[in-house]
Number of protein chains: 2
Amino acid sequence: MARSSSTMQLTRAADYGIRVMIHMATLPAHERALLPALARATSAPQSFLSKVLQALCRAGFIVSRRGQAGGFEILPAGRKASVRSVIEAIEGPISLNLCLVSGASCKRKSFCPAHPVWASAQEAMMGVLNAATIADLALQPATPQLRSLRAKSKPA
Amino acid sequence: MARSSSTMQLTRAADYGIRVMIHMATLPAHERALLPALARATSAPQSFLSKVLQALCRAGFIVSRRGQAGGFEILPAGRKASVRSVIEAIEGPISLNLCLVSGASCKRKSFCPAHPVWASAQEAMMGVLNAATIADLALQPATPQLRSLRAKSKPA
C-alpha cells in the first residue's frame, strides 16, 4: 500500500493545539497573547494556528479579547483540560478504529475477533491522554531552547 | 476545525488486513482461499482487499499460489505475526505523532513538554498491539454470525 505515515497519527491541528495550550498555560493569569507571538512560541504557521485557536475558543478553553490590550487568554477550564479533551475539542472524538465510534459504526463489532484488541489499545492510550493535563505539562522545567521560544513570544 | 473522525484512526486498509489475516489463520495449514471468498468473509470490497493481500504477500505473511488449486495461503510467519506487525506491513511504522517518527522529524522534540506524553501514549497502545497475535485472535470462539461468514467463504 502507499506508505502513508498517517495511520493512527495525530493531526497537525491537534498537535499545534496542544502546543499552544501548554504555552498559554505558562503565562500568568489574565495575560493575553497575540497570534504572531503564539505562532512563534509554537513553531506553527499563523493562518493554521488561527483556526486551531478558534476551535479552542469554541470549547471554552481560551477566549479572544478585543481592543488595544486584546489577544488570546487561557481560561481556568483550559489549564485544567486533559490532553485528550484538547485533541477532541479540535478533532472530535478519538476512535482508533471505526468500530469504536459510538453508534452502529461497524456491523461486525459484536462478533469480530479484532474488536476487543482495538478497544484495549484505545483504552491504554486514552489512559495516558486523560491523565496528562495542560497545567501539569506547563509546569515542566523549560530547557534553554524552550525559554528562548517563550521569550520571543513576549510583546516587544 | 473540520470534524474529521480520522485523527489517530486506523486506515481501512489496515483494518481489512487484520480481518483477513485472522480469517486465514482459522483455515487449516496449506488451505488456499480465493479473493471473492476472502472478501465475503471479511466484509471488504474485493478490489481494495486485493491491494491489502499484495502488501501481506510482500511482508511474507501469506503467499499467492497460481493454478487450479491456487489462491492465498497463510504462512507460519503470518500466524505468529502481531497485530502491530500486520498494520505496519500495510501502512509502514505506526507513529502517534510526527515527533515519534525515527530521525529528526520535529526540531522541538528534545524540549517539547508534550513529546513525553505522545511517547507514553504510543508505548501503552503498542503494548496491546504487540501482545495480540493473529493466531491467538483466530482461536477466539466464533459466534454464529462469524461461523456463517466463514462458511460463505468456503469454495462452493
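Reader: In what order do the elements of chain A run?

Author: Let's begin with the inventory: chain A has 8 helices and 2 strands. Reading from the N terminus, the order is α-α-α-β-β-α-α-α-α-α.

Reader: Which element of chain A has the lowest mean pLDDT?

Author: The overall picture first: the model scores ipTM 0.89 and pTM 0.88, and chain A has a mean pLDDT of 90, with 95% of its residues at 70 or more. Where pLDDT is low, the predicted coordinates should not be read in detail. Among the elements of chain A, the highest mean, 98, belongs to helix α4 (residues 76–80), and the lowest, 78, to helix α8 (residues 144–152).

Reader: Is H23(A) buried or exposed?

Author: H23(A) sits in helix α1 (residues 12–25) of chain A. Setting aside neighbours within four places in sequence, H23(A) contacts L38(A), A41(A), T42(A), R150(A) and S153(A). One of these, T42(A), is 19 residues away in sequence and 7.5 Å away in space, C-alpha to C-alpha. Because H23(A) has 23 C-beta neighbours inside 10 Å, it counts as buried.

Reader: Which residues touch the most other members of the largest nonpolar core?

Author: In soluble globular proteins, nonpolar side chains tend to be buried together. The largest nonpolar core in this model has 92 residues. The residues that touch the most other core members are M21(A), V52(A), V86(A), M21(B), V52(B) and V86(B).

Reader: Turning to where the chains meet, which helix gives the largest share of the side of chain B that touches chain A?

Author: The contact involves 48 residues of chain B and 48 residues of chain A. On the chain B side, α1, α3, α5, α6, α7 and α8 each supply at least two residues. The largest share, 8 residues, comes from α6(B).

Reader: By class, how many residues on that side of chain B are nonpolar, polar and charged?

Author: This is the side of chain B that touches chain A, where 48 residues of chain B are in contact. By class it divides into 28 nonpolar, 14 polar and 6 charged residues.

Reader: What covers the buried residues of α6(B)?

Author: Helix α6(B) has 17 residues and reaches 24 Å from first C-alpha to last, close to the 24 Å expected. Its buried residues are V117(B), W118(B), A121(B), M125(B), V128(B) and L129(B). Their cover includes α5 of chain B together with α5, α6 and α7 of chain A.

Reader: Why are the buried residues of α2(B) on the same side?

Author: The residues concerned are L38(B), A39(B), A41(B) and T42(B). They lie on the same side of α2(B) because they cover an arc of only 165° around the axis. What covers them includes α1, α3, β2 and α8 of chain B.

Reader: Is H30(B), with its positive phi, buried or exposed?

Author: Most residues other than glycine have a negative phi. H30(B), in the loop between α1 and α2 of chain B, has a phi of about 70°. M8(B), in the segment before α1 of chain B, also has a positive phi, near 60°, and counts as buried with 25 C-beta neighbours inside 10 Å. H30(B) has 8 other C-beta atoms within 10 Å, so it is exposed.

Methods:
Residues are numbered from 1 along each chain as its sequence is written. Chains are lettered from A and ligands numbered from 1 in the order in which they are written. This is a predicted model: local features need pLDDT of at least 70, side-chain atom pairs count only at pLDDT 80 or more; totals for chains, interfaces and linings use all residues. Two residues are in contact if their C-beta atoms, placed from the backbone, lie within 7 Å. Helices (H or I, at least four residues) and strands (E, at least two) are DSSP runs, numbered from the N terminus. Ala, Val, Leu, Ile, Met, Phe, Trp, Tyr, Cys and Pro count as nonpolar, Asp, Glu, Lys and Arg as charged, and the others, Gly among them, as polar. The expected span of a helix is 1.5 Å times one less than its number of residues. A residue is buried if 20 or more other C-beta atoms lie within 10 Å of its own, exposed if 12 or fewer, and partly exposed in between; C-beta atoms are placed from the backbone. pLDDT is the predictor's confidence in each residue, from 0 to 100. The arc is that of the directions from the helix axis to the C-beta atoms. A nonpolar core is a set of buried Ala, Val, Leu, Ile, Met, Phe, Trp, Tyr and Cys residues joined through C-beta atoms within 7 Å.
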